[in-house]
Amino acid sequence: MVKSIISPSILASDFANLGCSCKRVVDTGDVDWLHLDVMDGHFVPNISFGAPIIESLRKQFPKNSDKPIVFDCHMMVSDPEQWIEDIAKAGGDSYTFHFEATKDPASVIAKIKKHGLKAAMGIKPNTSIEEVYPYADDLDMVLVMTVEPGFGGQKFMQDMMPKVEKLRAKYPHLNIQVDGGLGKDTVKPSAEAGANVIVAGTSVFKAENPKEVTEFLKKTVDESILARSK
Ligand code: DX5
Ligand code: ZN
């Protein structure tokens, strides 16, 4: 059975106070992962941060702590093979590349695993879910984007839910992540469609009370997982 995972996206954090900003959401106790959006200004029309920031943040959340936080690296970059080694050295745990960014997903997956990272593949809204199937058995997670990648704070695309439903029906044990516009209003359709990994930037980092939001997100996903198991 899959587990509910809440992965707040640091794109919505206060970058000048990144460590404190992240501790505030991790301290809710509902957060096992942090979602790190790396953008190269080429695959997407925005630039965010890269391995040096991830390495600094890792020092605030050591891998050998009692409750290690998974660094979920969402690589919105062209030529995804290029950054695997740097992200592994910086302390990343999971490496999500985009199907649209490579001609050879299988070799990207192999290289990610060779560097000891979990391998995940993401698809943009215009990419069909069928593209994922040939690789799904080799993946630790599939990311179904619910906005066009590049910016936080966009509107959730409900019409992506049939993709999640199809994938969940075929792969009951796969981690399925949704990313973009997730919050208290949109988590239910995502969870009911079968997503178990919820990325949430604005709704968590900009909340007055992040605990209230993370708890709601986690509870909603847990309820759907339970309902599916019956
Ligand atoms: C968008 C990023 C998302 C983004 C989500 O390209 O991949 O992770 O930070 O932000 P919200 O939750 O604000 O839509
Ligand atoms: Zn993301």
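Colleague: Which residues coordinate the zinc ion (ligand 2)?
Modeller: His-35 (NE2), Asp-37 (OD), His-74 (ND1) and Asp-179 (OD), at 2.1 to 2.2 Å. Donors here are N, O and S atoms within 2.8 Å of the metal (3.2 Å for Na, K and Ca); water is not among the atoms, so sites may look incomplete.
Colleague: Before we go on, what are the ground rules?
Modeller: This is a predicted model, where local features need pLDDT of at least 70, side-chain atom pairs count only at pLDDT 80 or more, and totals for chains, interfaces and linings use all residues. Residues are numbered from 1 along each chain as its sequence is written, chains are lettered from A and ligands numbered from 1 in the order in which they are written, and side-chain values use heavy atoms, with hydrogens and water left out.
Colleague: Back to the zinc ion (ligand 2). What is the arrangement of its donor atoms?
Modeller: Octahedral, because the 6 donor atoms subtend angles of 72 to 172°. For six donors, that label requires opposite donors over 155 degrees apart and all others between 65 and 115.
Colleague: And what spacing do the donors follow along the chain?
Modeller: H-x1-D-x36-H-x104-D. His-74 sits in strand β3 (residues 70-76) and Asp-179 in strand β7 (residues 175-179), so this pair ties together parts 105 residues apart in sequence. Strands (E, at least two residues) and helices (H or I, at least four) are DSSP runs, numbered from the N terminus.
Colleague: Are His-74 and Asp-179 buried or exposed?
Modeller: Both are buried. That means under 20% relative accessible area; exposed is over 50%, partly exposed in between (1.4 Å probe, protein chains only).
Colleague: Switching topic. What is the strand order in the sheet?
Modeller: β1-β8-β7-β6-β5-β4-β3-β2, an open sheet of 8 strands with parallel pairing. Two strands pair if DSSP finds at least two bridges between them. The edges are β1 (5-8) and β2 (33-39), each pairing on one side only.
Colleague: How many bridges join β5 to β6?
Modeller: There are 4. Met-121 has Val-142 in β6 as its bridge partner.
Colleague: Last one. Where is Asp-79?
Modeller: In the loop between β3 and α3 (84-90). Asp-79 is partly exposed, with a relative accessible area of 43%.

Technical notes:
Tetrahedral: all angles 85-135°; square planar, octahedral: opposite > 155°, others 65-115°.
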